[in-house]
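Here are my notes from a read through this one. Have it open next to you as you go.

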Amino acid sequence: MAAPEPAPRRGREREREDESEDESDILEESPCGRWQKRREQVNQGNMPGVQSTFLAMDTEEGVEVVWNELHFGDRKAFATHEEKIQTMFEQLALVDHPNIVKLHKHWLDASEARARVIFITEYVSSGSLKQFLKKTKKNHKAMNARAWKRWCTQILSALSFLHACNPPIIHGNLTSDTIFIQHNGLIKIGSALPDDLRSPIRVEREEPRNLHFFPPEYGEVADGTAVDIFSFGMCALEMAVLEIQANGDTRVTEEAITRARHSLSDPNMREFILSCLARDPSRRPSAHNLLFHRVLFEVHSLKLLAAHCFLQHQYLMPENVVEEKTKAVDLNAVLAELPRPPRPPLQWRYSEVSYLELDKFLEDVRNGIYPLMNFAAARPLGLPRVLAPPPEETQKAKTPTPEPFDSETRKVIQMQCNLERSEDKARWHLTLLLVLEDRLHRQLTYDLLPTDSAQDLAAELVHYGFVHEDDRTKLAAFLESTFLKYLGAQP
């Protein structure tokens with residue numbers, strides 16, 4: 001028998017390689033050269049008005065991002081709204097929350113042939129919540145109650161953050177297609193695009209299959225925070241039942257939603273969801289209040305409070321502090337003791353605690369999987385200081401060209417600094433190691449001048465985009481203490 005001809009298989013493999021090469025072709029670059037648009041399109045965000053989303057590369061950080069394009073057919077409308085668009089995107093760039101897809105950069109492109117807004121957002125490669133629920137449903141698995149509570153808490157944490165801004169930011173397009181879940185369980189909601197920006201584009205807002213996510217008053221009155229609460233309620237219902245059957249129709253019917261609600265066995269969960277789906281917008285609770293609903297709220301454990309406190313001050317500690325502290329601990333020592341008179345006390349020893357589990361827990365807390373809700377404050381701690389450009393920056397907002405330096409959006413979680421004398425003993429050589437919240441290590445070197453101060457160096461690092469503005473003060477204090485340690489000890 002003749003051997004099968006392998007050529008067709010080689011041909012298919014060659015075709016796939018050619019397709020892969022085509023998708024990686026660079027179609028366009030940002031004016032600053034940092035962002036490179038590829039041919040491959042991605043389905044992330046599903047934002048109305050955004051005509052195309054492409055995979056792109058951040059050449060500075062070496063990570064994939066999403067290149068979004070918002071097209072204007074009417075150049076006059078674009079010119080009319082140009083200043084407003086600049087202001088809105090500058091506001092959205094200030095939104096920094098672990099459960100919200102980050103907007104990195106934007107710029108305007110106006111030529112004789114076209115007018116568009118291009119903005120770069122974080123790429124979440126693990127897929128949408130709807131895709132995850134479909135896979136779970138296919139495997140005939142029920143939704144885990146703990147996972148449902150954790151997801152609801154993260155979504156509400158993001159909404160509470162947006163709604164507490166001044167003025168409030170309304171997402172306006174919250175569906176299971178615009179919520180993303182990472183492999184570690186972290187939830188991220190897609191970037192918000194304000195209605196004021198969408199209105200001049202005059203596009204169809206939603207797909208028919210997603211219309212059930214929007215409240216009865218939608219389109220008749222101006223969007224308020226209650227719109228997002230209704231959409232969240234539908235997302236919470238879909239997460240609880242895994243899928244709301246549409247009986248083959250493109251649009252989910254009211255009967256299908258009613259059946260899904262009645263299928264909930266937990267009365268607290270049912271009451272929680274129904275309060276979000278109230279037909280009267282004024283009767284829907286706020287995102288902040290929902291976080292304290294009895295179905296979600298739990299008093300924070302000492303372990304969680306300690307983890308948040310540890311991470312807030314981690315820049316003061318060595319990178320491997322957990323491992324080093326564990327090595328120094330006597331494993332037979334008593335960690336905690338529970339009195340049980342007249343019986344002997346119940347003891348836990350250090351040998352019963354795995355530092356590997358502690359590292360994983362700290363990583364999850366750092367990633368935002370266990371957000372710390374406020375007890376007294378009605379607004380999230382991480383609220384941007386301002387959501388409007390300062391008066392002195394008004395002229396900058398009118399300029400369509402990007403800034404020469406991109407500002408750093410990631411916070412510093414750890415700092416290490418070292419000073420060494422040069423060979424001629426005439427100057428000091430500074431080496432600064434920064435660990436950012438996405439675990440990126442950034443090493444900077446500098447020859448100190450006699451006139452250099454810690455405050456000036458910190459300001460310069462912020463100006464050139466190496467450090468987040470919020471880290472300026474603590475970096476200056478850290479450098480000041482280093483200077484005192486080394487320079488103060490010299491003869």
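**Notes on the predicted model**

1. Starting with a proline: proline 167 is found in the loop between helix 4 (145-163) and strand 7 (179-181). The bond to look at here is the one joining asparagine 166 and proline 167, which is cis, with omega at about 0 degrees.

2. There is another cis bond to check, from proline 341 to proline 342, with omega near 5 degrees. Proline 342 sits in the loop between strand 9 (334-340) and strand 10 (343-349). Most peptide bonds are trans, and most residues other than glycine have a negative phi.

3. On the phi side, have a look at leucine 242. Its phi is positive, about 75 degrees, although leucine 242 is not a glycine. You'll find leucine 242 in the loop between helix 6 (225-241) and helix 7 (254-262). Is leucine 242 buried or exposed? Leucine 242 has a relative accessible area of 6%, and because the cut-off for buried is under 20%, it counts as buried.

4. Next, serine 275, which belongs to helix 8 (residues 267-276). Its relative accessible area is 17%, so serine 275 also comes in under the 20% cut-off and is buried. What lies 2.7 Å from a polar atom of the serine 275 side chain? That is the backbone oxygen of phenylalanine 272. Setting aside neighbours within four places in sequence, serine 275 is in contact with Arg283, Arg284, Pro285 and Leu290.

5. Now for the empty space inside. Rolling a probe the size of a water molecule over the atoms shows where such space is left. Residues lining the largest cavity include Leu92, Val95, Ile100, Val101 and Leu103, along with Lys102. By type, the lining divides into 8 nonpolar, 2 polar and 1 charged.

6. Finally, the chain as a whole. Its secondary structure comes to 15 helices and 13 strands. Of the 491 residues, 45% count as buried. The accessible surface is about 27,000 Å², and 52% of that belongs to carbon and sulfur atoms. How many of the contacts between residues at least 6 apart in sequence join residues at least 24 apart? The share is 62%.

Note on methods:
Residues numbered from 1 in each chain as written. Predicted model: local features only at pLDDT ≥ 70, side-chain atom pairs only at ≥ 80, totals over all residues. Heavy atoms only, no water. Helix = DSSP H or I, 4+ residues; strand = E, 2+ residues; numbered from the N terminus. Buried < 20%, exposed > 50% of the residue type's maximum accessible area, 1.4 Å probe, protein only. Polar contact = N/O pair within 3.5 Å; in protein donor to acceptor, adjacent residues only side chain to side chain. Contact = heavy atoms within 4.5 Å. 1 Å grid on protein atoms, 1.4 Å probe; cavity = no way out; pocket = protein on both sides within 12 Å on 5 of 7 lines; lining within 4 Å. Nonpolar A, V, L, I, M, F, W, Y, C, P; charged D, E, K, R; others polar. Areas by Shrake-Rupley, 256 points an atom, 1.4 Å probe, with all protein chains shown as cover.
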